[in-house]
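Hello,

Here is the structure for you to open. My notes on its aromatic rings and helix packing follow.

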Amino acid sequence: MGVTVLQIFPDSSRSGCMETEKLHKRIMHLDAIQCGMFTVDCDTCYTVAQTGTNVRKLNIVHNSETPTTTYAILDTGTKQVTLSADYLFDLLLPRLDFMYQSKKNLKIESKGAKYEIGDFVVKIGTVTMSGHYKAILVEVEYLPCQTPALCWSLMREFMQSFMGSCVKPTPPPYLQNRFHDVHTPQDTVQQYVEKFNEIREGTTFAGTQTTGSST
């Protein structure tokens, strides 16, 4: 497990297919090799309304890279607590319906092709919610390193080589807050939850795409 960065790729056309195809072509031009498919999904439950209590969110996440693990991320509004559990944890969820209830049409997933190129693994995901296309989400992992501070410059340069100027010079806030920490699978899952929340809020199509990469 290396350092992982997630990047929402701008899609002003909101079509999905055209921009995703461009990314596939660009990564292939870098001599990347497709090595399968991936899926990350997230279902969000909310605390049952009670007088005098704050609403909390419980995010249940599955990642095809860790198929026997279920991640439960409790969001209190001020902090997040992450639990990694056996996949059978899903069977316990119906017994918690007196505390947490899921809302319809909130399940969201990123699904697509996985590529290897040198020390990098790239996953180009199409994000859908309730079967409807929402955004393009790219996951980039640098395998030899586990500390963001030691490899961010290299990761940024690589990401800009096929995603262009949508990749900012500075690391995203999540990595900045953990810049000198050892990266774990939980960090990847928490980034997915963060990006999924942005996509649910519908703020991912603002602006236009600019890139120096050829199509």
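The predicted model has four aromatic pairs, counting rings of Phe, Tyr and Trp (its six-membered ring) whose centres lie within 6.5 Å. Planes under 30 degrees apart are called stacked, over 60 edge-to-face and the rest tilted.

Phenylalanine 120 and phenylalanine 158 are stacked, 4.0 Å centre to centre with 10° between the planes. Phenylalanine 120 sits in strand E8 (residues 120–129) and phenylalanine 158 in helix H2, so the pair ties together parts 38 residues apart in sequence. Helices (H or I, at least four residues) and strands (E, at least two) are DSSP runs, numbered from the N terminus. Phenylalanine 120 is buried at 9% relative accessible area, and phenylalanine 158 is buried at 11%. Buried means under 20%, exposed over 50%, partly exposed in between (1.4 Å probe, protein chains only).

Ring pairs also join Phe120, Tyr142, Phe158 and Phe162 into a cluster.

Now the helices. H1 (residues 17–29) packs on H2 (residues 148–163) at about 125°, axes 9 Å apart. Axes are lines fitted to C-alpha atoms, for helices over the stretch in contact, and angles run from 0 to 180 degrees between N-to-C directions. Leu23, Arg26 and Ile27 in H1 meet Phe158, Phe162 and Met163 in H2, contact being heavy atoms within 4.5 Å.

Residues are numbered from 1 along each chain as its sequence is written, and side-chain values use heavy atoms, without hydrogens and water.

Best wishes

How values were computed: This is a predicted model: local features need pLDDT of at least 70, side-chain atom pairs count only at pLDDT 80 or more; totals for chains, interfaces and linings use all residues.
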